[in-house]
Amino acid sequence: MMQASANGSHTVCDVLVVGGGPAGSAISALLAGKGWDVHVLEKDRHPRFHIGESLLPHSLPMLDRLGVLSEVEKIGITKYGAEIVSPYHGRSRILYFSKALDGSQPSAYEVKRADFDKILIDNAIAKGVRVHEGVRAKQVEFRKNSTHLIQAEDQTGQSLTYEAKFVVDASGRDTFLSGQFGGKRRNPSHNSAAVFGHFEGVTRLPGRDEGNISIVWFDHGWWWIIPFKDGTTSVGAVCWPSYISTRKVPLEQFLRDTIALCAPVAERMAKAKLIGQAYAAANYSYRRSTMSGDGYLMVGDAFAFIDPVFSSGVHLALNSASLGADVVDAYLRKSPDYGRCLKEFERTVRVGVKTYSWFIYHFTQPAFRNLFMSDGSIFKMEEAVLSVLAGDAFGKSPTRLPLFLFKIAYYLVYLFNFRENRAAHRRRVRGVPETVTTLNDYAVHDRP
Ligand SMILES: Cc1cc2nc3c(=O)[nH]c(=O)nc-3n(C[C@H](O)[C@H](O)[C@H](O)COP(=O)(O)OP(=O)(O)OC[C@H]3O[C@@H](n4cnc5c(N)ncnc54)[C@H](O)[C@@H]3O)c2cc1C
């Protein structure tokens, strides 16, 4: 229901979702499917550029449930695994998802997010969600035992008011509600930033491996190479703060200079041309201690962002949206299941974030590299790590014991080469407090 007034408009609905990325589109479509009147505010307009292009195999059932899998298949290139390239070992190896403990999801897709997010938002609209693009949520007034008021603004500067029984924060790394409430905690020892762009002319892996993601370690962090169906490729580096702070040149040049520092990436990009602009993301890790309250919920990056190395972001966003939809539905129906749904939502989201965090924080240590590059698997450790890589991070398969053993093996290898590992850790965290101020989030394309 919408009422126009002289100084704007007033829209009344059941659920107001802030953000029309994967988390916002998914939760709104699921809630509309349950019969609720859902409105989404999206500050941008789809299709729009976004980073986060490599999907995980275990996201596919969720995309199927949303009814978009066949469309995603049309825009995506199939990825059967991840190529890990170690200049320190002078070789690479491909980890195939089919070898995970639960081999039921042997592949995923690499997608341009402009296309992927458009499919998801169009699906929400088709399910009856009212999407307001070019509208930025600015403030929420939470009212006890009443509806909540959300103040917003469109791109012409017009003020808009939304009145909802429930508010979902799906605003991604903008962390809309954290901006209002505070409580966002940055990880003090993990604060990298990313520089990236889309390229044409990047050499691909041969045959069936063409769509695999490549992850390349280098002295200042790590690289991703993500091929797309149209022949173009996303290439980006996640770098330590101490390296980012050395930047004296415009971002595009910085990206080129950084490519030149990593031979395996430079070789594959010998004939590559940047399409459009270079981007940056101040990619520091954060989370909140709480993700819900009376009449609101945070899903996807609005609650936590770790680091992109295991391509876990969209997977965590879709999963939290799926469980979050049950929570909102139970809340609105005043169901006795509400407490159980909320507990399940919070537990699962925290387990997912925790599982990926350990791997992400240790991924660039020499001890981790040595373990990852060693062939052969004992006690099903490799299969368990592959399960996590495939998105099986919520305890579906019996990964607990093998992952525990993998961590013990890691710490033993760390101690064996203590000095080297300690030095690598120090290099990673040096300059941590400054990074966020030297690079802003994307579209800071030309600020030396
Ligand atoms: C460098 C980098 C590389 C990454 N690579 C990968 C990868 O390969 N695979 C992967 O799965 N993940 C990756 N990620 C993570 C991934 O981008 C996110 O986890 C994912 O997009 C989260 O989805 P979301 O819906 O929570 O947030 P988003 O996708 O960020 O969507 C949030 C939406 O909210 C809108 N919004 C924000 N504030 C407001 C407001 N106030 N009012 C209205 N609208 C608002 C934004 O415009 C946006 O459309 C990467 C992240 C980074 C930084």
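Colleague: Why is strand β13 (residues 193–200) largely enclosed by the rest of the structure?

Modeller: A residue is buried if 20 or more other C-beta atoms lie within 10 Å of its own, exposed if 12 or fewer, and partly exposed in between, with C-beta atoms placed from the backbone. Seven of the eight residues of β13 are buried, so the strand is largely enclosed. This is a predicted model: local features need pLDDT of at least 70, side-chain atom pairs count only at pLDDT 80 or more, and totals for chains, interfaces and linings use all residues. Residues are numbered from 1 along each chain as its sequence is written.

Colleague: Which strand pairs with β13 over seven bridges?

Modeller: Strands (E, at least two residues) and helices (H or I, at least four) are DSSP runs numbered from the N terminus, and two strands pair if DSSP finds at least two bridges between them. Here β16 (residues 233–239) pairs with β13 in the antiparallel sense over seven bridges. Ala194 faces Val238 of β16 across this pairing. Strand β17 (residues 273–281) also runs antiparallel to β13, joined by six bridges; there Phe196 has Tyr279 as its bridge partner.

Colleague: Which residues come nearest the ligand?

Modeller: A residue is near a molecule if its C-beta atom, placed from the backbone, lies within 6 Å of it. Of the 37 residues around the ligand, Gly21, Gly52, Gly172, Gly300 and Gly313 come nearest. Helix α9 supplies four residues, the largest share of the shell.

Colleague: Where does the ligand shell lie relative to the domains?

Modeller: Domain bounds come from an automatic or database domain assignment. Domain 1 (2–76 + 111–186 + 285–355) and domain 2 (188–284 + 433–438) both give residues to the shell around the ligand, so it lies between them.
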